[in-house]
Number of protein chains: 2
Amino acid sequence: MKKKKKVNAAILIIGNEILSGRTQDKNIAFLSNWLNLNCGITVLEVRIIPDVEKIIVKNVKLLSKEFNYVFTTGGIGPTHDDITAASISKAFRLKYQYNKEAFRILENYYGKENFNDGRKKMAKMPASTKLIYNPSSAAPGFITKNVFSLPGVPSILNSMIENCKKYLSKGLKVHSSTINIFTVESNISKQLSQIQKKYKKSVEIGSYPFFRLGKIGVSIVSRSTSKIKLNRVNKDLRKVIKSKKIKILTF
Amino acid sequence: MKKKKKVNAAILIIGNEILSGRTQDKNIAFLSNWLNLNCGITVLEVRIIPDVEKIIVKNVKLLSKEFNYVFTTGGIGPTHDDITAASISKAFRLKYQYNKEAFRILENYYGKENFNDGRKKMAKMPASTKLIYNPSSAAPGFITKNVFSLPGVPSILNSMIENCKKYLSKGLKVHSSTINIFTVESNISKQLSQIQKKYKKSVEIGSYPFFRLGKIGVSIVSRSTSKIKLNRVNKDLRKVIKSKKIKILTF
């Protein structure tokens with residue numbers, strides 16, 4: 001069996017509506033979780049940028065070089081502000097043209113008489129891309145080199161994501177484990193730091209305060225590609241928590 | 001009266017918990033809205049990066065050069081994974097040291113006997129920063145050059161944001177106006193494109209599909225620093241909508 005390696009990705013959210021704060025993004029958390037759980041791919045950077053061609057071109061070029069995969073969301077609809085396909089074509093110096101299969105899918109979906117210019121636009125893509133089929137609203141996403149372009153509407157994106165799987169190299173899955181306790185971070189920061197040092201190469205320990213039932217608590221999240229190391233960290237953490245007589249929550 | 005100019009900002013979200021999808025970010029939309037409404041500052045880029053020193057250093061350097069302001073969130077607590085202050089010190093080649101005022105504030109808040117090393121860490125900052133006072137949990141944020149560092153917990157960040165105002169140059173506020181209609185984007189994409197061309201220098205028109213009551217709709221969002229131009233665009237939009245006998249929704 002070939003040993004799995006770490007595989008990474010970046011997410012590029014294209015859209016003034018997210019950047020302006022008008023719309024709350026939901027795709028980042030979904031994509032990041034899906035990629036890790038289903039493909040062992042770790043998202044290492046996210047960028048949110050406006051619908052401006054030269055900015056999209058610059059970021060696609062840069063991120064596609066730096067990461068194994070790039071996932072773009074948004075800007076693949078029928079209106080004037082949907083410029084993702086044209087911009088990716090420019091980034092890779094590919095022709096921006098009708099994809100024959102996408103054209104047929106959309107013509108069939110809308111019917112010949114209703115297949116207007118706006119709808120036809122959704123079949124225009126960089127040359128020689130692979131399609132990502134769309135079971136909810138027909139208009140396909142597309143894969144250009146290592147860049148996967150998906151729509152911005154979360155429900156449509158979610159319905160398409162499984163169709164990306166066969167094109168992705170699987171990496172090492174990151175396992176995670178959370179311990180929730182009622183205490184303040186500074187009460188355990190010294191011990192956490194010691195445990196993190198002990199496992200600095202294999203486990204990543206994060207500490208996140210929360211408020212619940214009027215009390216302050218901390219979620220300690222450990223993440224590792226090794227379940228064995230994760231269990232060892234958890235044992236060490238539980239020892240510290242016990243010695244300090246802190247209650248572990250089960251929610 | 002001095003004529004106001006456009007002022008921009010970038011947001012840098014520092015935190016593995018957002019990047020991994022474990023935590024849903026709430027700070028981007030809040031900060032972007034607050035900056036525009038209260039200060040006329042437009043957010044032009046957002047990045048989400050992991051708790052890794054060299055990545056934080058690189059991004060702080062780059063974004064602080066490219067934008068008028070940078071807002072970082074996360075990584076200013078008492079634990080080992082809170083490395084924002086140390087990283088920003090490195091980015092600007094400033095000493096990472098105790099801020100006397102922050103030290104006094106925290107010592108006073110916790111009491112001398114409970115002021116342990118973790119808590120003291122929250123007083124360590126780049127040399128010669130200005131403090132951003134924190135009415136909810138004492139630990140201050142800080143301003144280094146044009147970089148504003150805030151905590152990651154949304155409720156605490158929200159309580160501190162007004163204390164940033166006096167340090168920010170006000171810019172031109174972007175006004176926005178939304179028309180919600182029951183139709184599909186491709187039914188109006190041609191006309192939208194024409195109106196956008198007519199006002200391409202002054203108004204930015206976006207089109208965003210939505211689902212409601214089992215029907216498909218579109219939100220047309222126009223944004224401009226000029227209320228007059230915005231009204232003109234709205235007039236043109238309403239003409240198109242009327243001519244196509246589309247119903248305008250009032251929610």
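Residues are numbered from 1 along each chain as its sequence is written, and chains are lettered from A and ligands numbered from 1 in the order in which they are written. Because the model is predicted, local features need pLDDT of at least 70 and side-chain atom pairs count only at pLDDT 80 or more, while totals for chains, interfaces and linings use all residues.

**View 1. The two domains of chain A.** Residues 7-167 of chain A are assigned to domain 1, and residues 175-249 to domain 2. These bounds come from an automatic or database domain assignment. Between the C-alpha centres of the two domains of chain A there are 38 Å.

**View 2. The axis relating chains A and B.**

**View 3. The interface between chains A and B.** In chain A, 45 residues are in contact with 45 residues of chain B; contact requires C-beta atoms, placed from the backbone, within 7 Å. Elements of chain A that give two or more residues to this side include helix H2 (27-39), helix H8 (189-198) and strand E10 (204-212). Helices (H or I, at least four residues) and strands (E, at least two) are DSSP runs, numbered from the N terminus. The largest share, seven residues, comes from E2(A). By type, the side of chain A that touches chain B has 15 nonpolar, 18 polar and twelve charged residues. Here Ala, Val, Leu, Ile, Met, Phe, Trp, Tyr, Cys and Pro count as nonpolar, Asp, Glu, Lys and Arg as charged, and the others, Gly among them, as polar. The copies meet through the same surface, because 100% of the interface residues of chain A are also interface residues in chain B.

View 4. Twelve strands form an open sheet with mixed pairing, in the order E6(A)-E7(A)-E8(A)-E3(A)-E1(A)-E2(A)-E2(B)-E1(B)-E3(B)-E8(B)-E7(B)-E6(B). E6(A) and E6(B) stand at the edges with a single partner strand each, so one side of each is left without a neighbour in the sheet. E2(A) and E2(B) pair in the antiparallel sense over three bridges; strands pair if DSSP finds at least two bridges between them. Val46(A) has Ile48(B) as its bridge partner. Within chain A, E3(A) and E8(A) run parallel and are joined by four bridges, with Phe71(A) partnered by Phe148(A).

**View 5. Helix H4 of chain A.** Six of the eight residues of H4(A), residues 84-91, are buried, so this helix is largely enclosed by the rest of the structure. Buried means that 20 or more other C-beta atoms, placed from the backbone, lie within 10 Å of a residue's own; exposed means 12 or fewer, and partly exposed is in between. Among the buried residues are Thr84(A), Ile88(A) and Ala91(A). Just after H4(A), Arg93(A) has a positive phi of about 50°.

**View 6. The four-stranded sheet of chain A.** An open sheet of four strands with antiparallel pairing has the order E10-E11-E9-E12 in chain A. E10 and E12 of chain A are the edge strands, each pairing on one side only. Two bridges join E9(A) and E12(A) in the antiparallel sense, and Ile181(A) has Ile248(A) as its bridge partner.

Technical notes:
Contact = placed C-beta atoms within 7 Å.
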